[in-house]
Amino acid sequence: MPFSPRTLLASTVSRTGVLSLVLATGFTISPVVGGHGRAAPHPVATHVTQLGMDRLPVSRTAGAGSRKLTTSDEVATGMATGSLVGVTWPHEQAPPAGTTLRVRGLRDDGTWTAWTQTEVSAEDDSVATRAGRKTRVGTEPVWTGPVTRVQIRYDFAEGRIMRRGRVEVVAPGSSPADVPATTPAGAATAVPAQPRIISRRGWGADESMRTCTDYMASTTSAMVVHHTAGTNSYTAAQSASIVRGIYAYHVNGQGWCDIGYNALVDKFGQIFEGRYGGLDLPVIGAHTGGFNTDTFGVSVLGTYDSVAPSSSALSALTTLMAWRESMFYRNATSSSVLTSRSSTSKYPEGTRVTVPFIVGHRDLWPTGCPGAVLYGRLGTIRSTVQSKTSFTSSAIYKRWAASGGLRSALGPVLKGEGPVSFGRRTVFQRGFAMYAVGSSTRLVGPGNDRLYWHLGGPAVWGAPLADEAAVPGGSQVAFQDGHLAVYSSATGAQPLFGAIRGYWLAPGAGLSPVGYPRTAESVLPSGGVVQTFTQGNVYYRSGLGAHGVSGRILLTYLQRGGPAGALGYPTGEQRTVGTTLVQAFQGGTVTVPISGPTAPTPQGTVVRRR
């Protein structure tokens, strides 16, 4: 059947949230650490104060680094309580990307924080704009720590356009769960040796802030390294607040669907889940305009223009990226071809660009991100990630690679390889899921795989016994517990089990006179079960076995009440006697002519048993 990754994932989308990938469908958010502090994590309310720049008092001062007023700055001052500050503008009134500003705040003790430089970024959330949200251009947000007054400093010559902006001051709230209880870093050694990751729940994300319902790509073709361009002076307990602040700034300040990054790493080695949807899925972020689709964006908290990231940050960053690339069977030292989707990026829309699999933000967007020092470490980061990566021993990878890998009929990885109760599982772009069972693999098509997980998956059905096989009119795959999943384009995927499964298979798979199942079995009040097929129904009751009832006899049978009526359950199969069709039931025999009118009644005759 026609298939696309979006079609597959659409079946798992809950329209009440941004993207709820529920266990019943088999598309689950990757396992992340729900809580990382001594207290139970919970949603933390954030508050954004918005100050129109045109309403703020402005003073003149010497330009940065100048003792004279021949070059001068304007400083806008506003009263607001918060810990993270940025400036946003309507798209049509924004300064050019790369325009710099400085931000500082007044602490409770009357001292000012140091001036922190930030720049205007024209990044946008394509998912939000597709959903009709009105987004804004913004600077990178600056973490000031708790302040009660903020100042924005900019070049006097740019004052007119700057004053069209709006200062966003975020109070990210606090929680006892923000304090890390243990050192969260870990080492990746094999697929998918996941590091400790602080979940959205763990860092206190208020999920009611999220909007938009569809931001899934088809695979991961590159990983983009960022820095948040904020302060490097923060504590381990403040990192969750910074992440919440960025989340609130992106959503409430810039109008985005969610936080822009897929993941964030702090200088202490803590890893935070970013945009909602699952770290083992190709969630489209808002981190690299024009190249958000099929890329994974991870940002290190802090500014790394002249300061090197800590060893803990680099260890966590490389461990996270090794885990992520292993799941998608990619090589950290390889290259990828990406296509620009926006002319506001570094490349005109439609341009195909070859980049390293691990690439810096500045390689795709006109920016200094991820800072000169961190950017200079990318070569070492690639080799370190590769040394931590191990997926070539995976049975699933071996079979995928042997079939052609990225160019195979399966396509690239859609959902990264991860554990199931009996082995491992990977979902590919064409929708097929492959399971490792011991040292061998099983391939299951998208329809039957969705059914499998919807009805309990490995915990209920066990492992698939063989590859899904084509049969006349459709396909089938058997599972350990005795279930058979069968698929046809007309009926979709349906389960067969027990005596009804045996009845369907008896003439040969796909050759049953009742056709393909339209529904699963239903338990009847009279003690038996029924399953509806394209050409009739199959009834089963203990002691009587399974029998199909179809055509004119089925119409007569249902008119007489079916299993709940006087006829009870079928005791044999339909047979031809002269010019009539005959079938025996517990309570009698139904006889109907082979031909003739069938509406409004099948003109059947019932001979009751005495």
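Let me start with His-287, which is buried, because its relative accessibility is 2%. This is a predicted model, so please take every value I give as computed from predicted coordinates. His-287 sits in the loop that runs between strand S11, residues 271-273, and strand S12, residues 295-300. What is His-287 in contact with, once neighbours within four places in sequence are left aside? The list includes Glu-123, Val-224, His-226, Tyr-261, Asn-262, Phe-296 and His-361.

Asp-294 lies in that loop between S11 and S12 as well. Its phi is near 70°, a positive value in a residue other than glycine. Asp-294 counts as buried because its relative accessible area is 17%, and the cut-off for buried is under 20%.

Ala-229 is another case of positive phi, at about 65°, and again not a glycine. You will find Ala-229 in the loop between S9 and H4. With a relative accessibility of 10%, Ala-229 is buried. For background, most residues other than glycine have a negative phi, and most peptide bonds are trans. Pro-370 belongs to the loop between strand S15, residues 358-360, and helix H6, residues 372-376.

Now helix H4. H4 has 15 residues and spans 20 Å from its first C-alpha to its last, close to the 21 Å expected. Is H4 enclosed or exposed? It is largely enclosed by the rest of the structure, because 14 of its 15 residues are buried. Just after H4 comes Gly-255, with a positive phi of about 80°.

H4 also takes us to the aromatic residues. The structure holds 18 aromatic pairs. In one of them, Trp-203 and Tyr-247 have ring centres 5.6 Å apart and planes at 85°, so the pair is edge-to-face. This pair links distant parts of the chain, 44 residues apart: Trp-203 is in the loop between strands S8 and S9, and Tyr-247 is in helix H4. Trp-203 and Tyr-247 are both buried.

Another pair is Tyr-452 with Phe-479, where the centres are 4.4 Å apart and the planes at 20°, so this pair is stacked. It too links distant parts of the chain, with Tyr-452 in helix H9 and Phe-479 in the loop between strands S21 and S22, 27 residues apart. Tyr-452 and Phe-479 are buried. They belong to one aromatic cluster, along with Phe-422, Tyr-435, Trp-453 and Trp-461.

Two arginines are placed over rings. The charged end of Arg-104 sits over the ring of Trp-112, 4.2 Å from its centre. Arg-210 lies over the face of Tyr-276, with 3.8 Å to the ring centre.

Now the chain as a whole. It has 12 helices and 31 strands. Of its 610 residues, 57% count as buried. Among contacts with a separation of 6 or more, 63% are between residues 24 or more positions apart. The chain exposes about 23,800 Å², and carbon and sulfur atoms supply 53% of that.

Last, confidence. The average pLDDT of the chain is 89, and 88% of the residues score at least 70. Over residues 183-190 the pLDDT is below 50, and this stretch has 13 contacts in the model beyond near neighbours in sequence. Residues 598-602 are also below 50, with 11 such contacts. Where pLDDT is low, the predicted coordinates should not be read in detail.

Methods. Residues numbered from 1 in each chain as written. Predicted model: local features only at pLDDT ≥ 70, side-chain atom pairs only at ≥ 80, totals over all residues. Heavy atoms only, no water. pLDDT = per-residue confidence, 0-100. Contact = heavy atoms within 4.5 Å. Helix = DSSP H or I, 4+ residues; strand = E, 2+ residues; numbered from the N terminus. Buried < 20%, exposed > 50% of the residue type's maximum accessible area, 1.4 Å probe, protein only. Phe/Tyr/Trp six-rings, centres within 6.5 Å; stacked < 30°, edge-to-face > 60°. Lys NZ or Arg CZ within 6 Å of the ring centre and 35° of its normal. Expected span 1.5 Å × (residues − 1). Areas by Shrake-Rupley, 256 points an atom, 1.4 Å probe, with all protein chains shown as cover.
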